[in-house]
Structures are given as structure tokens and as C-alpha cells.
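Work through the exercises below with the sequence and the model in view. Try each task before reading its solution.

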Amino acid sequence: MKNLLTFLFIGLLSMAINAQDKIAKIEFKDTTIDYGTIEKGADGLRVFEFTNTGDAPLIISKVTASCGCTIPKKPKDPIMPGAIGKIEVKYDTNRVMPFRKTITVVSNAETPKTAIKIKGTVIDPSKISILDKKEKSIMAQ
């Protein structure tokens, strides 16, 4: 048992020394997704695509949103050099208002923290503003 632990320790140590020469790099296709104007209750799921442009496996360790109305989902497996990965982001479209949210991605990349953003406006089509109503006036008839 002692020999096995020693062997594992030496193996991990040698991998750590060799891994210092290689660096993972994360490059997003887009760092901001604009939902535009969407209706209340619409599908709030969007996907950020990124590529590992480095020469070491990219490990996304944590993805957090700036509020509870946005739920990000990180990839479970490492992204190999040259491979494409995805981060899913779901916004709660039951909140009627304009929104701008930041999602922070923490990884083993050359830049360990990266910010990606979503923005848009959620409207409720059942609530029409008085200014939007176009009724004929009595004088125009």
C-alpha cells in the first residue's frame, strides 16, 4: 500500500512538472449573447461556444452567474487542445424587464477568470401600454 501511494505521488509530481510547459487557452466565439426582445415565458436557454486554443487540456472548474435568475451549466469533462466546448446559460424569462447579466468562468486557462455576458429585454405581450394602443378618435370617423 505504501509503495502504491509513493508511486502515485511520484507520478503526479512528474505530470505537474511536465504540465508547466503546456498551457490551456480559452477563446469564446462570442463573449456576449443578445437575446433581443423576447416574450415572457420564452425559452431562456442560450449556449456560449469556446475553443481550447492552448496545448494542454482545459478544465472548467466553476461557472457562476451574477444573480439567481441566471443558471449556467459547465462542461463536465476536460476540453482537449483544439476541441470545442459549450457553456449553457438559462435566464428566467418570467421576469419582465431589461436585463444584463455576467457569468464568470473559472478554469486552468492562461487567463483563469473570464467574463461572458447576456443581455436583452423580456416583455409581457398581454400588458399593452396605453401609448401602444391605436384607436380611432371620434373626430376621425
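This is a predicted model: local features need pLDDT of at least 70, side-chain atom pairs count only at pLDDT 80 or more; totals for chains, interfaces and linings use all residues.

## Strand pairing exercises

**Exercise 1.** Find how many bridges join strand β3 to strand β6, and how these strands run.

*Solution.* Strand β3 (residues 45-52) and strand β6 (residues 84-91) are joined by 7 bridges and run antiparallel. Strands here are DSSP runs (E, at least two residues; numbered from the N terminus), and two of them pair if DSSP finds at least two bridges between them.

Residues are numbered from 1 along each chain as its sequence is written, and side-chain values use heavy atoms, with hydrogens and water left out.

**Exercise 2.** Give the strand order of the open sheet whose pairing is antiparallel, then name its edge strands.

*Solution.* Step one: the order of the 4 strands is β1-β3-β6-β5. Step two: β1 (26-28) and β5 (70-73) are the edge strands, each pairing on one side only. Step three: on average, neighbouring strands of this sheet are turned by 30 degrees against each other, direction ignored (axes are lines fitted to C-alpha atoms; angles run from 0 to 180 degrees between N-to-C directions).

**Exercise 3.** Do the like for the open sheet whose pairing is mixed.

*Solution.* Its 4 strands follow the order β2-β8-β7-β4. β4 and β7 (residues 98-107) run antiparallel and are joined by 5 bridges; Thr-64 has Thr-104 in β7 as its bridge partner.
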